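Q: Could you walk me through how to read a model like this, one feature at a time?

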Amino acid sequence: MVELLMGVETEYGFSAVSHSGEGLSRDHFLARLQTLAAERLLHVQGNQGGVFLENGARFYIDHGGHPELSSPECTNPWDVVRYVQAGHRICCELQQELESSDSELRELLFLRGNVDYSGSLSTWGCHESYLTQNVPLSFADQIVPHLVSRVIYSGAGGFDPTSPGVRFVLSPRSLHLERVISGSSTEHRGIFHTKDESLCGHGFKRLHILCGDSLCSETSQWLMVATTALVVAMADAGTHPGERVRLVTPLRALRTIVRDPSCKARVRLANGDRVTAVAIQRHYLAEAEARVGEDFMPSWTKRVLPRWRETLDRLEQTPDELSTTLDWAIKLALFREHVQRRGMEWELLGPWTTVLTRVEKGQDADREKLTPTLRKKGYRLKDLDRVRALRDELFEIDTRFGQLGDRGIFTRLDRAGVLEHRLTTGGEIERAMRYPPAGTRARLRGETIRKLGAANSRNRCGWEAFWDLDGMRSLELSHPFETRERWGPIPPDETGFPTVSEDVVTLLQRLGL
Amino acid sequence: MSNQERAKRRERPLAPGDGAAAGASPGSRLRETRQQAQNLLDAGDEAISRALSGDSTRFLQENRQLGGQ
């Protein structure tokens, strides 16, 4: 059985709000966050910014001022969930300390969300990495149908951020994808990302997926990573798991699927069939079931398949049972209830969206612009302000759903014991905050940070090496499954490192640190 | 089900096929699903009430995010 390697990067929305509700300087609080992280977390400076932590993870500030936590390299989806949760807990502790130490602050928000609803049309997300033997682009067409259809269980849920109205979708971030395949991560994003940066040697490659959502439910996250790892393993081995479910227009199919919370919409395959996302997922599931025991499948394959099947069965037969488990299904239940409590019918948000779209386009806001359904229900255009207020309330609910800390809606639901999503225990997460996972180079990295991190603040760490600047030696981590501690002299000039005789300051300057 | 019982239940790692539905008759399964849904909605209403700022339009503007990756 082969060992797979995978990890997840979580980008958080971030903002600071004063007691009067005013937004405070994001840069100021990002700087304070970094300082506090350096004080509180045992770490070593990263060679490309940020810090590496004793559990093997990396914490840094990414593009657009988003704090980001990359999990250490894991060999199974259970570990991925543990380390993502550990990352949330680490950020949450920093957030709470910063919040309580600043009297100007009412709230410091860390948001496990994916889109902005203020009109900026911004998105940030959750990136996944999977180790492969082959260049991922060579099997892109085999996994695109999986990435398109998995949103039925891995979608965060929310609203179409491009609509002036209220349109629930399984994955708002998906609507920011503009290409099937793309190499850009900040514009013209693709379903399949071609970034070619292995972050390791020995001929390994890395598939970097950036179309996924940040999730709160451990089950949703586990399903997303576990199923994708299996599909990637099959595609990487050349079994062509997606051949029979290739989509004619993947981007259009994705939009069709995310706009249909009933999960019954059909999309067209290259062979002419029209199938649901569940059917596409069942195809991949059958492929995985047929490959159990093959040497390219991970040892944990059989533990994933029943849960995958059960989720698809429920989506098809009893979707209500998932309203305490999957992110989008939990949100949909809450949104519907909230709309009803505000005296509005959920089903009328569609017609109101039509009206809002007309008004947005500058068309005359006269009575005739109301849809027949709304007129029949006795609504008038003056009710539009109430609808707008409700829309913004729903957007705030979605934004706060994944907020870290006591005010986060998901957190409160979890504490109330009304969700069924847990795969981890509190003790496991506590441990994952300090100790790296077994079986990968992350263990060596984490242990070395624990040994040398506090000793010399000039030491540096990267995904592929650790540099001990007192001993002028480096720890080799280029093999992703390295578990043996092998130190050597810091490599010569061609790798960007000076020889022992050079001054440390010069060394740091040359490293750009 | 009390909050304590729910909390205990959520700490238990889920196994495939585990959960509300396993081994239950269709009737009791339906009742349990409905009860769970109601619990979710009640807890959700409380969580939302505590979370909302009171001026959502302003909240969205003051917490405007820049594009990430």
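Q: Which residue is the bridge partner of Gly13(A) in strand 8 of chain A?
A: Strands of a sheet pair through backbone hydrogen bonds, either parallel or antiparallel. In this predicted model, Gly13(A) has Leu111(A) as its bridge partner in strand 8 of chain A.

Q: In what sense do strand 2 and strand 8 of chain A pair, and over how many bridges?
A: Strand 2, residues 13-18 of chain A, runs antiparallel to strand 8 of chain A, with six bridges between the two. They belong to an open sheet of three strands, ordered 3-2-8 in chain A, with antiparallel pairing.

Q: Which strands of chain A stand at the edges of that sheet?
A: Strand 3 (23-24) and strand 8 (105-111) of chain A do. Each has a single partner strand, so one side of each is left without a neighbour in the sheet.

Q: Moving on to helices: how far does helix 5 of chain A reach from its first C-alpha to its last?
A: A handy check is to compare the reach with what you'd expect at 1.5 Å a residue. Helix 5 of chain A (residues 218-236) has 19 residues and reaches 26 Å, close to the expected 27 Å. After helix 5 of chain A comes Gly238(A), with a positive phi near 85°.

Q: Are the residues of helix 5 of chain A buried or exposed?
A: Count a residue as buried when 20 or more other C-beta atoms lie within 10 Å of its own. By that test 19 of the 19 residues of helix 5 of chain A are buried, so this helix is largely enclosed by the rest of the structure.

Q: Into which domains is chain A divided?
A: There's domain 1 (1-112 + 426-488), domain 2 (135-335) and domain 3 (342-401). The C-alpha centres of domain 2 and domain 3 of chain A are 32 Å apart. Their contact takes eleven residues from domain 2 of chain A and twelve from domain 3 of chain A. On the domain 2 side, helix 9 of chain A gives the most, with three residues. By class, that side of domain 2 of chain A has six nonpolar, three polar and two charged residues.

Q: And between the chains, how many residues of chain B are in contact with chain A?
A: The size of an interface is often given as the accessible area lost when the parts come together. Here, going by residues instead, 43 of chain B are in contact with 60 of chain A. Helix 2 of chain B supplies the largest share of chain B's side, 13 residues. That side divides into 17 nonpolar, 16 polar and ten charged residues.

Key. Residues are numbered from 1 along each chain as its sequence is written. Chains are lettered from A and ligands numbered from 1 in the order in which they are written. This is a predicted model: local features need pLDDT of at least 70, side-chain atom pairs count only at pLDDT 80 or more; totals for chains, interfaces and linings use all residues. Two residues are in contact if their C-beta atoms, placed from the backbone, lie within 7 Å. Helices (H or I, at least four residues) and strands (E, at least two) are DSSP runs, numbered from the N terminus. Ala, Val, Leu, Ile, Met, Phe, Trp, Tyr, Cys and Pro count as nonpolar, Asp, Glu, Lys and Arg as charged, and the others, Gly among them, as polar. Domain bounds come from an automatic or database domain assignment. The expected span of a helix is 1.5 Å times one less than its number of residues. A residue is buried if 20 or more other C-beta atoms lie within 10 Å of its own, exposed if 12 or fewer, and partly exposed in between; C-beta atoms are placed from the backbone. Two strands pair if DSSP finds at least two bridges between them.
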